[in-house]
Amino acid sequence: MKLFYAPGACSLASHIALAEADVEFELIKVDFSSSQQRTEGFLAMNPKGRVPVLVDGDEIITESPAILRYIARKYPDAGLWPEDIMEDARCAEWLSWCVSGIHVAFAHIARSYRYASSAEAMAEVEEKGRETVLDLWQQVESRMAKRGTTWAASERFSVADPYIFTFWNWGRSPKLGYDMSRDFPAWTEHARRLCDRPGAKRALDREQIDYA
């Protein structure tokens, strides 16, 4: 099994999930600084030109929710997907929100060229994106503060947790520059708990990401 990733990108969630499953896999870095994701070889594997990409034998899987679900199903003993029907729904709900709402909003700041052509239009996209992202970060904080479980979907760690952590990590990046501990304490408490897990620590060390 091979995971193609870029340090700190959304592929971090899949990296942590594999590490938490405690299985053997090959980690292959995709260098965004040299546009390696746009090379002929990578595009032949994933025409979308993005990470993560999981290769398992002859099968190629893209998109974080699909990869996270696959890891959880392939390694059921790791308990990375809730069995309870409502907790199952909550896990799926978090993954859907992360990929369709939170990540897309952040892309309006980090990848404004996807949504506009002129410098003026891109600046407007980024400005509006910052409003939307702040609102979403506050929504996540509110939900994390009100949750009645140790982890996002249940009392047990699931693949939703590393995905949520990925955006917490983006929040403290220079692109957003939030004071996560001060302004998002419940989310930060969740991040710190995740960073205490051995599997997560291994993944964070490999990507050279500081612990929460």
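This is a predicted model: local features need pLDDT of at least 70, side-chain atom pairs count only at pLDDT 80 or more; totals for chains, interfaces and linings use all residues.
Residues are numbered from 1 along each chain as its sequence is written, and local features need pLDDT of at least 70, while side-chain atom pairs count only at pLDDT 80 or more. Side-chain values use heavy atoms, with hydrogens and water left out.

Helix H1 (residues 11-21) and helix H3 (residues 64-74), which are DSSP runs of H or I with at least four residues, have axes that come within 9 Å and cross at roughly 5°. H1 is therefore roughly parallel to H3, a term that applies to angles under 35 degrees. In this contact (heavy atoms within 4.5 Å), Ala-13, Ser-14, Ala-17 and Leu-18 of H1 meet Ile-67, Leu-68 and Ile-71 of H3.

The structure also holds twelve aromatic pairs, in which the ring centres of Phe, Tyr or Trp (its six-membered ring) lie within 6.5 Å. The rings of Trp-137 and Phe-167 have centres 6.5 Å apart and planes at 90°, so this pair is edge-to-face, the class for planes over 60 degrees apart. Because Trp-137 lies in helix H5 (residues 119-146) and Phe-167 in helix H6 (residues 160-171), the pair ties together parts that are 30 residues apart in sequence. Trp-137 is buried at 0% relative accessibility, and Phe-167 is buried with a relative accessible area of 1%, where buried means under 20% with a 1.4 Å probe and protein chains only. Trp-151 and Phe-157 form another edge-to-face pair, with 5.1 Å from centre to centre and 90° between the planes, and both of these residues are buried.

Definitions and conventions. Axes are lines fitted to C-alpha atoms, for helices over the stretch in contact, and angles run from 0 to 180 degrees between N-to-C directions. Helices (H or I, at least four residues) and strands (E, at least two) are DSSP runs, numbered from the N terminus. Angles under 35 degrees count as roughly parallel, over 145 as roughly antiparallel, 65 to 115 as roughly perpendicular and the rest as oblique. Rings of Phe, Tyr and Trp (its six-membered ring) pair if their centres lie within 6.5 Å; planes under 30 degrees apart count as stacked, over 60 as edge-to-face and the rest as tilted. Buried means under 20% relative accessible area, exposed over 50%, partly exposed in between (1.4 Å probe, protein chains only).
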